[in-house]
Amino acid sequence: MKRRLASWLEYGILALIAARPSLDWFTDWAAGSMRFNPAAGASLLLIAGAGLWLKLQPQITRNRIITHPMIWVFGIWLLLLLPWGLLSPWLNGPPRSEALREWVRLVSILPVFGLALGLARQNRGAVVIHALLLSFIVPALTGLYQLIFQEGSIIQGVHRIRGTFVHPNPLSFYLVLMAGLAYWKMRTADRGVGWMLLLLLITGLLIATFSFTGAGMFGVAVLVCALGESPRLRHVAVPALLVFALLFLLTPTGQKRLGSVMKWESLNEIERTGKETSSMVWRLLNWRFILRTWNKSPWLGYGLQSAPTVNPNRVDHGQGPGQDPHNDYLRFLLDTGLIGFIWFLAWLGFTGQALWRAAAAADSPPARRLAWIALAMYAAWLAGSFNDNLITATAYQYCLWAVFGAALGEAAAQNGDGTESAS
């Protein structure tokens, strides 16, 4: 009975992770006078379900999961963040309820990683990857519909698909990750033609988002992934990126986006007049506001999710909440000050080190390729975080950390002792 319940929980949690990229559509869903947020409910279910699943595991399996170095580092980082959730009013930041809500959202990523790690440690990492690939069905069909019928979003006069996401940019982050998984299947499956066609579909949808952040992440991912391949395939990487760039930039929409980004104006003039400008100039101005505000509380910051409260650059022509940072490094600098920012960098650094060691420790070609793809996704995440809000793209983060867990677990399983040999 215990084993059967654990099995039901596994598939239930994997189904929840697979459904998560489709839930952003229903944020603040209203039914009469009542409002629901299925995405937030999914986070709480993940924490509770994964906790119960872990309790139902045999002692040896449970020990192998909770003693993994990455679990410890992730957990310690979350505990170190807790004061910025509890003390945000004292730091002149957001209400405690908002800061704690952000902390709980970050906590919900850890069970996703732990479950993927545990399943891969049992040589079932492919189950995790297949669940993530199934998550692509609804966003892909929605994106194709938007592309064919010119639905989606019109941003600064440009049509961009957004799938089931709230904006084209988080869809592009997710598509980069899906491209990595499709490539892994193409390289490991007996018949890779179908997976190659899926990879081409994902790439086409990525182009249709016309997200420069997503395009840059895709380029970084391809280059890092090529490092783990044979010299022959490495030589294909650069021409493939050139074709992608040409398809992105030579379309009328791509040229319009490029012209908008290349349009530079004085930040002082934009700040003084408040007129609309290109996305890149707007970002630079927003970062200036963020840094000015951080400079008033440089060591401790203002508390988690503080930008809507403390950023003077506000939406709706100054009438709404403060703009998001659109840079995760500046986000943690503003939220947690220099002290928390250093811990954030340490967390990122340890994650990269663990993935690198997993790639070096993996013996079988599928596990080694999965570790390299995880490294490529990690590098793309770091690069994209300079220009957008990747840490708050929850569906993307769940899928990303599920891939990390699968990669680390597959490498650990080959060593036979429950931990990575290089740890």
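**Notebook: cysteines and a nonpolar patch**

I looked up C225 and found it buried, because its relative accessibility is 12%. Buried means under 20% relative accessible area, exposed over 50%, partly exposed in between, with a 1.4 Å probe and protein chains only. I am working on a predicted model, where local features need pLDDT of at least 70, side-chain atom pairs count only at pLDDT 80 or more, and totals for chains, interfaces and linings use all residues. Residues are numbered from 1 along each chain as its sequence is written, and side-chain values use heavy atoms, with hydrogens and water left out.

I searched the whole structure and got zero disulfides. C225 is in none; its nearest cysteine sulfur is that of C399, 18 Å away. A disulfide needs a pair of cysteine sulfur atoms within 2.5 Å. I then checked from C399: its closest cysteine sulfur, in C225, is 18 Å off, so a bond is ruled out by distance. C399 is also buried, because its relative accessibility is 0%.

Then the surface. I noted a nonpolar patch of about 1,100 Å², with W72, W90, W299 and W343 among its residues. Patch residues have over 30% relative accessible area and no salt bridge; nonpolar side chains (Val, Leu, Ile, Met, Phe, Trp, Tyr) are joined within 5 Å, like charges within 9 Å. A salt bridge is a side-chain nitrogen of Lys or Arg within 4 Å of a carboxyl oxygen of Asp or Glu. Areas come from the Shrake-Rupley method with a 1.4 Å probe; for residues, only the protein chains shown count as cover.

Which elements give two or more residues to the patch? I found α4 (69-86) and α18 (328-361). Helices are DSSP runs (H or I, at least four residues), numbered from the N terminus. The largest share, four residues, comes from α4. L80 lies in α4. I logged L80 as partly exposed, because its relative accessibility is 31%.
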